[in-house]
Structures are given as structure tokens and as C-alpha cells.
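Here's a quick briefing for anyone meeting this structure for the first time. Have a look at the sequence and the model, then read on.

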Amino acid sequence: MDDRQWLLPAGLQGAAHGIRRGGAEAAQRESGRERGMKPLLSIKGLHVRVAGREVLKGIDLELMPGEVHAIMGPNGSGKSTLSQVLSGRETYEVTKGEVLFDGKDLLSMQPEARAHAGVFMAFQYPVEIPGVGNLHFLRTALNARRRTEGQEELDAMDFLQLAREKSKLVQLDQAFMQRSVNEGFSGGEKKRNEILQMALLEPKLAVLDETDSGLDIDALKIVADGVNRLRSPERSMIVITHYQRLLDYIVPDQVHVLSQGRIVRSGGRELALELEEHGYGWIDTAKGGERASGAPGARP
């Protein structure tokens with residue numbers, strides 16, 4: 001197929017399809033905290049209502065440049081609500097608190113302005129967009145951000161070269177470039193496609209909402225390795241997951257447990273291992289936003 005045909009708006013680009021594992025080695029990078037930098041993301045006293053029900057009840061979280069934080073918790077604890085608020089979904093009502101991104105009021109920004117500023121959201125359930133080619137979609141998104149940053153837009157051929165380079169990062173089958181966005185993709189292919197988008201857009205903050213959901217072990221390794229390859233001292237990530245197995249491959253700097261709308265405990269990667277062994281039942285939520293003090297061994 002001629003190179004220009006790959007870029008026709010009605011079907012192109014593809015799904016992220018493979019990456020080699022970075023594992024713990026990818027986590028050994030100096031974070032902004034160690035370099036004395038200001039937080040990239042600062043959340044203070046965040047309260048959120050959804051359909052008249054308070055879901056988040058006072059979230060405090062600080063993310064430095066270069067850090068990866070994992071957020072874990074049982075179903076209904078508010079994990080996905082937090083991700084949707086950060087991305088700007090209108091059906092989520094912020095009733096109290098503030099969110100600063102790179103020193104700016106994130107809550108006052110429209111979703112497209114957040115994307116242009118460098119916020120990326122990888123959805124738990126990526127949607128299909130029939131008739132919109134993957135490469136056309138991504139080139140449009142990338143050039144929109146480049147315009148806001150005062151950079152020259154990439155023409156079709158320059159973008160194609162960039163897309164092919166990034167596709168190597170995810171071991172992308174070129175056949176996927178002929179398809180519309182996520183149309184006919186398996187669940188794993190959709191998640192890989194999200195990582196390809198992330199690689200092309202190069203955000204400052206990536207929010208990965210249960211990226212491991214529905215993935216078998218091979219697909220999980222591919223997706224995780226792609227994420228690890230995109231870690232950098234300037235880029236921060238929030239990884240939302242139910243299971244510690246993802247954190248075997250994407251090693252976080254901090255782990256937070258969200259329960260009943262509050263962060264009830266924070267710690268290192270070992271906290272995820274405790275959760276894997278003991279479940280969420282041993283986390284004491286009686287003190288609200290304070291960290292639980294009881295050890296898993298003290299549980300009746």
C-alpha cells in the first residue's frame with residue numbers, strides 16, 4: 001500500500017501490540033521530589049458527587065514530576081470517579097476542594113484544554129469510533145496540541161514516519177493501521193492502542209484507569225512494558241488497578257488505598273503485596289482519611 005493511503009481519514013493507524021518488559025529497572029529514575037521540584041499534580045480536599053451521591057469525600061494527593069502512583073481499592077471506592085474528574089467529565093460534580101496541575105487550576109479547564117496542557121486518560125473501556133482512521137485521529141490530536149505549544153504541525157508523511165517509529169515501541173502489526181479507531185479490536189488490542197496514543201502524544205500526566213482489565217498475562221506484559229518505556233523524569237502517572245499483578249511490571253513509587261471515597265492508607269510497593277495477601281478487609285477505615293494503624297496480622 002502507498003504511504004499516503006495509510007493516512008486517509010477513513011481507516012488507518014492501529015493498536016498498540018507489544019513491548020518488552022521494563023520491570024523494576026524502569027522505575028529506577030530520580031523523581032521530581034528528589035530533585036526538589038514543585039508537584040505536577042496537587043489534589044487537596046476533593047469532594048465529588050455523582051447522580052446526587054457523594055463518592056469522593058476528601059481526597060488529598062500529591063504527585064511529583066517523574067513519579068508513578070498506584071491507586072488500589074475495592075469496587076465502588078471511587079477510583080474511576082477520581083480519574084474521570086481529572087479528565088474533565090461533566091457528569092461528575094466537584095463540591096469542594098482544588099486540583100492544581102502544573103500550578104494551574106485543572107478544574108476550571110475544559111477537557112480539550114486539559115489534553116492540550118498534557119493530561120492523558122487511558123480508559124478502562126476504550127470506545128470504538130467507526131469511520132475515523134487511527135492515524136488520522138492521532139495526527140489531528142497531536143497537531144492540535146502542537147499548535148497550542150506554538151510548534152509547527154506535522155505533515156502527513158512526517159507523522160507517518162513518527163507513527164511507525166512509535167509503533168515499534170508496541171510491536172504494532174501494520175495491518176491495524178488500516179482500521180478505524182478501536183473498531184474490531186479485541187480488548188487487549190484496544191488497551192495497546194491506548195498506549196500507542198500515549199507514546200505519540202507524550203503527556204505530562206497519564207492516568208491509566210484499570211489498563212490491566214481484561215488482559216491475559218501476555219497482553220499485560222506488553223502493555224506494562226510500553227508504559228515503562230514511557231516513564232521519564234518529566235512524566236508522571238497514576239495507575240488505577242484492583243490487582244497487584246500489574247504492579248509486578250509497572251513498579252510504583254507509592255501505593256494508595258482508596259476506600260469509601262477516601263485514601264485510607266499509603267505506602268510503598270509492599271502495601272500492594274499486603275493487599276494481595278490479605279485483601280481489603282484488614283484496612284481500617286474508621287478514621288476516615290487517616291491511615292489505618294492496624295496490621296494485617298491483628299485482624300480477627
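Which residue in β12 is the bridge partner of Val 255? That would be Gly 267. This is a predicted model, so to speak of local features takes pLDDT of at least 70 and side-chain atom pairs count only at pLDDT 80 or more, while totals for chains, interfaces and linings use all residues. Residues are numbered from 1 along each chain as its sequence is written, and side-chain values use heavy atoms, with hydrogens and water left out.

**The six-stranded sheet**

- Six strands make up an open sheet with mixed pairing, in the order β6-β9-β10-β3-β11-β12.
- Strands here are DSSP runs of E with at least two residues, helices are runs of H or I with at least four, and both are numbered from the N terminus; two strands pair if DSSP finds at least two bridges between them.
- At the edges sit β6 (119–122) and β12 (262–267), each pairing on one side only.
- From one strand to the next, the twist averages 20°.
- β3 (residues 68–72) and β10 (residues 236–240) pair in the parallel sense over four bridges, and Ile 71 has Ile 240 in β10 as its bridge partner.
- β11 (residues 254–259) and β12 run antiparallel, joined by five bridges.
- β11 and β12 also form a hairpin with two residues between them, and Gln 260 in the turn has a positive phi of about 50°.

- β1 (residues 41–50) pairs with β4 (residues 92–101) in the antiparallel sense over eight bridges.
- Ser 42 has Leu 100 in β4 as its bridge partner, and Leu 100 also stands opposite Asp 105 in β5.
- β4 and β5 (residues 104–105) run antiparallel, with two bridges joining them.
- The hairpin of β4 and β5 has two residues between the strands, and Asp 102 takes a positive phi near 55° there.

**Two helices packed together**

- α3 and α5 pack at an angle of about 35° with their axes 10 Å apart; axes are lines fitted to C-alpha atoms, for helices over the stretch in contact, and angles run from 0 to 180 degrees between N-to-C directions.
- The crossing of α3 and α5 is right-handed, meaning the near helix is turned clockwise from the far one by less than a right angle.
- From α3, Asn 134, Phe 137, Leu 138, Ala 141, Leu 142 and Arg 145 meet Asn 193, Gln 197, Leu 200 and Leu 201 of α5 (contact means heavy atoms within 4.5 Å).

**The pockets**

- The largest pocket holds about 660 Å³ of space.
- A pocket is an open set of points on a 1 Å grid over the protein atoms alone, where a 1.4 Å probe fits, with protein on both sides within 12 Å along at least five of seven lines; lining residues have an atom within 4 Å of a point.
- The largest pocket is lined by 26 residues, and Ala 115, Met 121, Phe 123, Phe 137 and Gln 197 are the closest to its centre.
- α2 (111–117), β6, α3 (134–148) and α5 (187–201) each give two or more residues to the lining of the largest pocket.
- The second largest pocket has a volume of about 190 Å³, where a volume is the space filled by probe spheres set on the grid points, which are joined across faces, edges and corners.
- α3, α4 (156–169) and α5 each supply at least two residues to the lining of the second largest pocket, and its lining residues include Leu 142, Arg 145 and Leu 200.
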